[in-house]
Amino acid sequence: MNNSILPIVAISTFIVLIWYSFSIVLNSSWALDKAERNDQKLSFSELVHDTWSQKKPKLPAPHQVGYEMYKTIFDKKVTSKRSLVYHGWITLSATLAGFLLGTLLGILLALAIVHDRATDLSVMPWIITSQTIPILALAPMIIVVLSSIGFTGLMPKAVISMYLSFFPIVVGMVKGLRSPDLLEIDQMKTWSASKFQILIKLRLPKSIPFLFTSLKLGMAASLVGAIVGELPSGAIAGLGARMLSGSYYGQTIQIWSALFAAAILAASLVGVISIIQAYVFKRMMIVQ
Amino acid sequence: MTDETVISAKSLDLTFQTNDGPVHALKDVNLNIIKGEFVSFIGPSGCGKTTFLRVMADLDQPTDGTITINGVSPKAARESRAYGYVFQSAGLYPWRTIGKNIRLPLEIMGISKSEQKERVEKVLKLVELEDFEKKFPWQLSGGMQQRASIARALAFDADILLMDEPFGALDEIVRDYLNEQLLKLWHSTEKTICFVTHSIPEAVYLSTKIVVMSPRPGRIIDIIESDLPDKRPLEIRDTKEFIDIAQRVREGLRAGHSYE
């Protein structure tokens, strides 16, 4: 543990330093122009100070993003339209709904594919094709179609989210359900086990490690899906909406705060899955 | 011992179609196994000994000839749970305790919980693993794991035990011990055992009948009825009778091995 602290601190420091330097480089032209218009000459320290405290910088400095996040997470009431918690919750609820639907769909498809060769041959190509279409192109159409039959709000976002998250689940679960070796299947045959018994007693337990890897990928994909779903709908709430409105008004600090909020959300969700995974693996004596 | 035929194979043929052309795994195999016999199948790899065992177990199907187990087809025998099969590796599920592993076939066969408990206790005693019911497979040595796997094959009380090189991956000291134990178990349960091995001393020590096989095509070269006494201490391997039988097995293996 102690051995890993130093590299982690070193890399983080390095990233922050790079970030601060790029803030200076990218924001300096605006600072210099302003100084020229006012017939001022900027010393280096004045220039640095200015580039790190602009209202609409090209690249906000880390502490500006940090302060904005602090303000919008802790200082605002969670019901306020300016609270990141409020927007985060909107995105989170769509993410979780999409993740659950995607996981369910993924597992069902995997079960069908493993047990029926015709399904394997006929459905698998469509599953792969579905992931080759850019979601940015597809998302507006999903929203339009669903809203025309009366579904708005959380539902279309959850569907887009599901669309992205079911794929890693299918791929992982197919591999997992097929992971029992020939000996294990033969053994089951010698006991005249039914297909269903083989599934419950052997295939499902064996697929658990694969499932957790897929769940983590699926969770991250779900969040991306929910955010993408918020962009074309002109949504007024959610982290995606926050990014969109930030870009309309040049509120770069707001965009970056929303970005970080999304990243923290994704990391926490994947972290929760990791905790459950550690518990299940311990119970099942799975060594990783 | 009654002279009741348990396994009967008549002009059995099996050809596998592979990408490199057909492989003749079994050719004109004829064999009768009487109830209560301990039959070893010995031969170099590719001689069809495992394939023959798998045909008995309905894991592979013959392309020609007939085979009956307890007078019915292997499929019917498998479905009526006539045999227990022990594979080369123990194949215990790491997420189940030893006791739960032994319960697995019983659960599949729909045997009641109370009877499951009874049977698990009984077979654990047979393989001398009474204290390990609650342990997980990784907490056991390779030899103990294989004993647990034998216990699992015994749990549903089939009359026939098919064993495919069950001790092949174990060191010689453990193997000697397990051979002794297996003989004891065979005496106390009076099961019919078919045992695949590539060790001559193991085959001679265990068997009442030794089937010597040879590859390309897989066939039976010699069937040796052993006249060794029923009670066999490990030292029996130094007696003349034992060495004579081993010699005959070796000659059979050599004769069948054409080095073309």
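Two residues are in contact if their C-beta atoms, placed from the backbone, lie within 7 Å. On that basis, among contacts in chain B between residues at least 6 apart in sequence, 70% join residues at least 24 apart. The structure is a predicted model, in which local features need pLDDT of at least 70 and side-chain atom pairs count only at pLDDT 80 or more, while totals for chains, interfaces and linings use all residues. Residues are numbered from 1 along each chain as its sequence is written, and chains are lettered from A and ligands numbered from 1 in the order in which they are written.

**View 1. Overall form of chain B.** Chain B contains 8 helices and 9 strands; helices (H or I, at least four residues) and strands (E, at least two) are DSSP runs, numbered from the N terminus. Its radius of gyration of 18 Å is close to the 18 Å that the globule rule gives for 260 residues, so chain B is as compact as a globular protein of that length. The radius is taken over C-alpha atoms, and the rule is 2.2 Å times the number of residues to the power 0.38. Along the principal axes, the C-alpha atoms of chain B fill a box of roughly 55 × 40 × 40 Å.

**View 2. The two domains of chain B.** Domain 1 covers 1–82 + 160–260 and domain 2 covers 87–157, with bounds from an automatic or database domain assignment. Their centres, taken over C-alpha atoms, are separated by 25 Å. In chain B, 12 residues of domain 1 are in contact with 12 residues of domain 2. On the domain 1 side, strand S6 (160–164) and helix H6 (172–189) of chain B are the elements that give two or more residues, and H6(B) gives the most, with 3 residues.

**View 3. The side of chain B that touches chain A.** Here 17 residues of chain B are in contact with 14 residues of chain A. Helix H2 (74–79) and helix H3 (98–108) of chain B each supply at least two residues of this side; the largest share, 3 residues, comes from H3(B).

**View 4. An open antiparallel sheet in chain B.** Three strands lie in the order S2-S1-S4, with antiparallel pairing; two strands pair if DSSP finds at least two bridges between them. Strand S2 (21–34) and strand S4 (64–69) of chain B stand at the edges, each with a single partner strand, so one side of each is left without a neighbour in the sheet. Strand S1 (residues 5–18) of chain B pairs with S4(B) over 5 bridges, and Ala9(B) has Ile67(B) as its bridge partner in S4(B).

View 5. All 6 of the 6 residues of strand S7 (residues 192–197) of chain B are buried, that is, 20 or more other C-beta atoms lie within 10 Å of the residue's own, with C-beta atoms placed from the backbone. Thr192(B), Cys194(B) and Val196(B) are on one side of S7(B), and Ile193(B), Phe195(B) and Thr197(B) on the other. Strand S3 (residues 38–42) of chain B runs parallel to S7(B) and is joined to it by 5 bridges, with Phe41(B) opposite Val196(B). S6(B) also pairs with S7(B) in the parallel sense over 5 bridges, and Leu162(B) has Cys194(B) as its bridge partner.

**View 6. Helix H1 of chain B.** In helix H1 (residues 49–56) of chain B, 8 of the 8 residues are buried, so the helix is largely enclosed by the rest of the structure. Among them are Phe52(B), Leu53(B) and Arg54(B). Just after H1(B), Asp58(B) takes a positive phi of about 65°.

Note on methods:
A residue is buried if 20 or more other C-beta atoms lie within 10 Å of its own, exposed if 12 or fewer, and partly exposed in between; C-beta atoms are placed from the backbone.
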